[in-house]
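Visitor: I'd like to learn how to read this model, one feature at a time. Could we start with the way strands sit beside one another?

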Amino acid sequence: MTPRLSRRAVLTAAAAAAGSLATGGLTACSSGGKTNGPGTTGADELKRVLPKYLPSSSVTPDIPSVTGANGAASDPAFLSYPVNPAQTVAAPPGSGGVYSTRTPLWGAIPPSSGNTYYDAVNSALGATLNMQPADGNTYVDTLPALFAASKLPDWIQIPTWANQKLNLGSAVAQFADLTPYLSGDNVAQYPNLANIPSAAWQAGVWNGKLYGLPSFSSPNSFPGYLFYRKDLLAAAGVSPEIKSADDLFAAGKQLTDADAGRWAFDELWPYLLFPYGVVSTWNADPSGKLVHQYETEGIIEAISFAAKLAKAGYVHPDALAGNTGNGQQRFWSGKVAIGGGGTGAMDGDDHKGGTVANPAYSRQFFKVFSAVGGKPQIQLGAGAGWFSYLNKKLSDKQIRECLAIANFVAAPYGSKEYLLVNFGAAGVDHTMTDGNPVLTQQGSKDVAASYQFLVSGPQVSLVKNGYTQVVRDYAAWQADAVKYAVRPMFFAMNVTEPAQYASIGQQVEDMIKDVRAGRKTIDDYKSAVAAWRKQGGDDVRKFYEDIRTKYGTGQ
């Protein structure tokens, strides 16, 4: 379990977010105009409903946040937990209520009964949240049936990459409007919720009303990037200072030894898009016309380079076959040296797993670079991509109780509440080792990221399993990467596309896979894009032209 999303959760979520970049799915809030249509919120309404940001100063980070470009900033980093954690909630917030929940989990599902972690947290809450996390790999697929049957739980997590699938702009009517409770100064009665920056709430606003409670918010919400094994590159004499596609290709040649069962690369897609400057689904050409990323030269160059790596024999056969399930083991065991994934993958849990196979193991992310020259770029996501919602059927008293509980769960790093919510009971689920909480054997069985999917405070980089250098390295990477952050067009806007266009990009996505693997050609790709235009791509373009005219582009 990890206060930042678990490693596998981050990888999966980032892949989904980047997949949305590729398919044109869009979820966020509009930047101007008046409310009009499912999901869309104008600038005036947005300003009115967002909670006022009242930052906490309860703890000072060891490595302060660094401000970057376009509103991006690195997360503050901590090398040890405060010896005397602050108490941010004076008394149990609950009044005995019992609530059903639904959250995703990537990894083993812990027991729901006899769970020391759940028992300890619920006791401190003064209420019972029945935590029954579901398999994250199929989580979103199970949600439509719940909506259709009106069998939603009291409190549910819905990641933003599921918004389009659920047509949430309309379906959100089944959830409680939190605007009267949290907008503006109203949030002050919940100090830990007020400590969440206003921008993090934005993608939880629909139709001019606030519905969502954010989790895992960060001012550097990058979908992911390319990472490498520092120890393997050093052993092969390969410099990690990659500054072009040619450098990456040369590294592939040095690192690959198929006869020995070692390949340079695992799956790099879709994170290979960013080095080629593809950071937005929709883009304005010199004449001002909207151009989908499918139609850009950058994506053609990225696909061609991926195919070049495959043709050269530098990509692991399982990656080419689409077998991503064993990707982590391939990386840990050293069968591949370079891959792509969510940035949260670089943490103490990953380092612990990797050092089992090789004590010298070290995962690092490449510095943001341009494959073809020019200024490097990395896509910046909205302040939060995970939101939970309260059922509309709850009474006013129950909503207030749930918000008080949320205030407890969202306590900032360094507090007593954070320690309990993220690591369970002291001496039972965790012990303090070298200044940081470490799960016990019991905690390893019972503690899992669950409450945090209902709401959580701003993200920080923190030590896990005693690996302080991992935190230092990750903080340094973030501090550099935020300098190159780029907001995509329609940044942080909630727009619901017409349902009939929901799947028209799938044939293009399938073609991209075939071209990258060498089974099809770039000409085949161009034909697929032409078909996409005829089957609705041009109509979607007109749809977004209208959005741009009425509401702006989120910039």
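Guide: Strands here are DSSP runs of E with at least two residues, helices are DSSP runs of H or I with at least four, and both are numbered from the N terminus. Two strands pair if DSSP finds at least two bridges between them. S9 and S17 pair in the antiparallel sense over three bridges.

Visitor: Before going further, what kind of model is this, and how are residues counted?

Guide: It is a predicted model, in which local features need pLDDT of at least 70 and side-chain atom pairs count only at pLDDT 80 or more, while totals for chains, interfaces and linings use all residues. Residues are numbered from 1 along each chain as its sequence is written, and side-chain values use heavy atoms, with hydrogens and water left out.

Visitor: What is the mean pLDDT of the protein chain?

Guide: The idea first: pLDDT is the predictor's confidence in each residue, from 0 to 100. Here the chain mean is 90, and 92% of the residues reach 70 or more. Residues 1-38 have pLDDT below 50, yet that stretch has 151 contacts in the model beyond near neighbours in sequence. Contact means heavy atoms within 4.5 Å.

Visitor: Back to S17. Which strand pairs with S17 over five bridges?

Guide: That's S6 (residues 155-159), antiparallel to S17 (residues 386-390).

Visitor: What is the strand order in the open sheet of five strands?

Guide: Read it as S4-S2-S6-S17-S9, with mixed pairing. S4 (128-130) and S9 (213-215) are at the edges with a single partner strand each, so one side of each has no neighbour in the sheet. Neighbouring strands are turned by 30° against each other on average, direction ignored. For angles, axes are lines fitted to C-alpha atoms, for helices over the stretch in contact, and values run from 0 to 180 degrees between N-to-C directions. Helix H4 (residues 139-148) lies across S2 (98-102) and S6, at about 125° to S6.

Visitor: How many residues of S17 are buried?

Guide: Buried means under 20% relative accessible area, exposed over 50%, and partly exposed in between (1.4 Å probe, protein chains only). Five of the five residues of S17 are buried, so the strand is largely enclosed by the rest of the structure. Trp 386, Ser 388 and Leu 390 point one way, Phe 387 and Tyr 389 the other.

Visitor: And how do I read a nonpolar core?

Guide: In soluble globular proteins, nonpolar side chains tend to be buried together. A nonpolar core is a set of buried Ala, Val, Leu, Ile, Met, Phe, Trp, Tyr and Cys residues joined through side-chain atoms within 4.5 Å. The largest one here has 78 residues, and Tyr 225, Leu 248, Ile 299, Ile 338 and Tyr 525 have the most contacts inside it. Helix H21 (residues 522-551) gives the largest share, eight residues. Apart from that core lies another of 66 residues, including Val 49 and Tyr 211.

Visitor: Which strands make up the open sheet of four?

Guide: The order is S11-S14-S10-S15, again with mixed pairing. S11 (263-265) and S15 (363-365) are the edge strands, each pairing on one side only. S10 (residues 225-229) and S15 are antiparallel over three bridges, with Arg 229 opposite Arg 363.

Visitor: Let's look at a hairpin. How many residues lie between S18 and S19?

Guide: Two, and Asp 434 in the turn has a positive phi of about 55°. S18 (residues 430-433) and S19 (residues 436-439) pair in the antiparallel sense over four bridges, and Thr 433 stands opposite Asn 436.

Visitor: Is Asp 446 buried or exposed?

Guide: Buried, with a relative accessible area of 0%. Asp 446 lies in helix H18 (residues 441-446), and its side chain joins that of Gln 442 through a polar contact of 2.7 Å. A polar contact is a pair of N or O atoms within 3.5 Å; within protein, one must be able to donate a hydrogen and the other to accept it, and residues adjacent in sequence count only if both atoms are side-chain atoms.
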